Amino acid sequence: MASGGNPANKHILHSSIFNKTLRGWQGLNCEITQKNLMYPIFIVDDENAVQPIQSMPGISRFGINRLKDHLSPLVEKGLQSVLLFGVINNVPKDETGSNASTEKNPVLKAVPKLKTWFPSLTVACDVCLCAYTSHGHCGILDKDGYIKNDDSIKRLAEVALAYAKAGADIVAPSDMMDGRIGAIKQSLRDNGLVNRVSVLSYTAKFASNLYGPFRDASKSAPAFGDRKCYQLPSESTGLALRAAARDVEEGADMLMVKPVLIYMDIVKELKNKYPEYPMFVYQVSGEFAMIHHAAKAEAVDLRLVLTEVLSSLRRSGADVIITYFTPQILDWIHGGSKL
Ligand code: PBG
Ligand code: ZN
């Protein structure tokens with residue numbers, strides 16, 4: 001035998017995985033802890049309401065008076081961050097989404113309360129117009145239905161500033177208008193908030209067919225047309241890279257890919273290109289529904305499959321996973337089991 005030994009030895013894989021500890025060492029960067037989770041919450045303008053969302057079993061819209069009870073047990077289990085969405089039923093909608101930045105926006109009322117009840121909870125606010133505009137689009141439209149870019153980003157910066165002034169730690173623009181990160185950063189700077197509010201950009205947000213349940217939940221479906229003129233075409237890696245380059249250039253603190261399970265190639269590509277930036281991924285409402293219903297039909301085991309999905313997302317480069325399953329996952333982590 002040559003001095004190097006039998007060359008076949010290095011192809012023995014079983015010797016690396018014959019017990020649980022050894023297997024764990026093969027994927028330490030894929031672990032899921034409380035730090036890796038952000039929990040999306042819908043806040044409705046009816047203060048005492050808890051409204052179950054039909055298309056998202058187990059998820060409800062909460063009025064401000066119901067939030068504390070809902071979140072307390074989760075914070076006790078180590079929940080670190082939430083992402084807030086406003087839903088208005090009674091408050092009027094108009095062409096520019098005026099009420100996104102008035103005291104009528106239930107999110108603006110909720111932020112200071114959340115920060116008082118849970119001082120260590122990091123509060124992120126989704127910044128968009130679609131839930132507040134009469135037409136349900138994410139920007140301001142001209143008479144032909146095209147986006148008016150400058151007007152839109154000015155308006156989005158006003159909304160982001162309102163959340164920042166209310167005490168949000170993070171503003172997260174999901175509108176996909178060009179130049180909005182720069183406009184928001186500038187307005188935070190002009191108002192002395194640039195170093196204490198973080199900007200999480202929905203960078204690679206694709207025009208996906210997986211947002212249906214969310215639009216039902218947040219009453220934000222477009223009244224006409226679709227979002228293909230501002231969200232990215234699902235086929236395009238090039239535009240995802242350009243969007244990330246744009247947002248990084250404009251000063252985004254953190255990047256996001258959304259949806260995630262069918263866009264993991266983009267996650268990996270962006271994480272490799274921008275390793276300096278925390279990478280967020282959004283497991284969107286349609287992904288939640290797919291996993292939920294497959295498990296409910298007993299085609300798959302929820303816990304086993306979700307654990308596999310979550311570690312795969314981490315493997316592909318995700319640092320933080322925004323997921324409606326957060327309460328279940330916290331229970332599993334809390335139960336002491338390794339996810
Ligand atoms: C709206 C927004 C959407 C989601 C987050 N913010 C839907 C859309 O673009 O129509 C989707 C979230 C989900 O499906 O869970 N700006
Ligand atoms: Zn929107």
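Accessible areas here come from the Shrake-Rupley method with a 1.4 Å probe, and for residues only the protein chains shown count as cover. On that basis the protein exposes about 15500 Å², with carbon and sulfur atoms supplying 51% of it.

Before you click on anything: this is a predicted model, in which local features need pLDDT of at least 70, side-chain atom pairs count only at pLDDT 80 or more, and totals for chains, interfaces and linings use all residues. Residues are numbered from 1 along each chain as its sequence is written, chains are lettered from A and ligands numbered from 1 in the order in which they are written, and side-chain values use heavy atoms, with hydrogens and water left out.

**Stop 1: the whole chain**

Show the cartoon and you get 11 helices and 10 strands; these are DSSP runs numbered from the N terminus, helices being H or I of at least four residues and strands E of at least two. The radius of gyration is 21 Å, close to the 20 Å that the globule rule gives for 339 residues, so the protein is as compact as a globular protein of that length. (That radius is taken over C-alpha atoms, and the rule is 2.2 Å times the number of residues to the power 0.38.) Along the principal axes, the C-alpha atoms fill a box of roughly 80 × 40 × 40 Å.

Colour by burial next: 53% of the 339 residues are buried, where buried means under 20% relative accessible area, exposed over 50% and partly exposed in between (1.4 Å probe, protein chains only). Taking contact as heavy atoms within 4.5 Å, 75% of the contacts between residues at least 6 apart in sequence join residues at least 24 apart.

**Stop 2: the zinc ion**

Select ligand 2, a zinc ion, and you'll find C128, C130 and C138 coordinating the metal through their SG atoms at 2.2 to 2.3 Å. Donors are N, O and S atoms within 2.8 Å of the metal (3.2 Å for Na, K and Ca); water is not among the atoms, so sites may look incomplete. In sequence, the donor residues follow the spacing C-x1-C-x7-C.

**Stop 3: helix α5**

Go to residues 180-190, where α5 has R180, I181, A183, I184, K185, S187 and L188 buried. Those buried residues pack against α4 (149-166), β6 (170-173), β7 (198-205) and α7 (237-250).

Hop across to E158 in helix α4. E158 is partly exposed, with a relative accessible area of 38%, and its C-alpha atom is 9.3 Å from that of A183, 25 residues away along the chain.

**Stop 4: the rings**

Rings of Phe, Tyr and Trp (its six-membered ring) pair if their centres lie within 6.5 Å; planes under 30 degrees apart count as stacked, over 60 as edge-to-face and the rest as tilted. The count by this rule is 12 aromatic pairs. Start with F85 and F214, an edge-to-face pair at 5.0 Å centre to centre and 75° between the planes. F85 sits in strand β4 (residues 81-87) and F214 in helix α6 (residues 212-218), 129 residues apart. Both F85 and F214 are buried.

Then select Y282 and Y324, a tilted pair with 6.1 Å between centres and 45° between planes. Y282 is in strand β9 (residues 279-283) and Y324 in the loop between β10 (320-323) and α11 (326-334), so this pair ties together parts 42 residues apart in sequence. Y282 and Y324 are both buried.

To finish, select F42, F85, Y202, F214, Y282, F288, Y324 and F325 together: ring pairs link them into a cluster.
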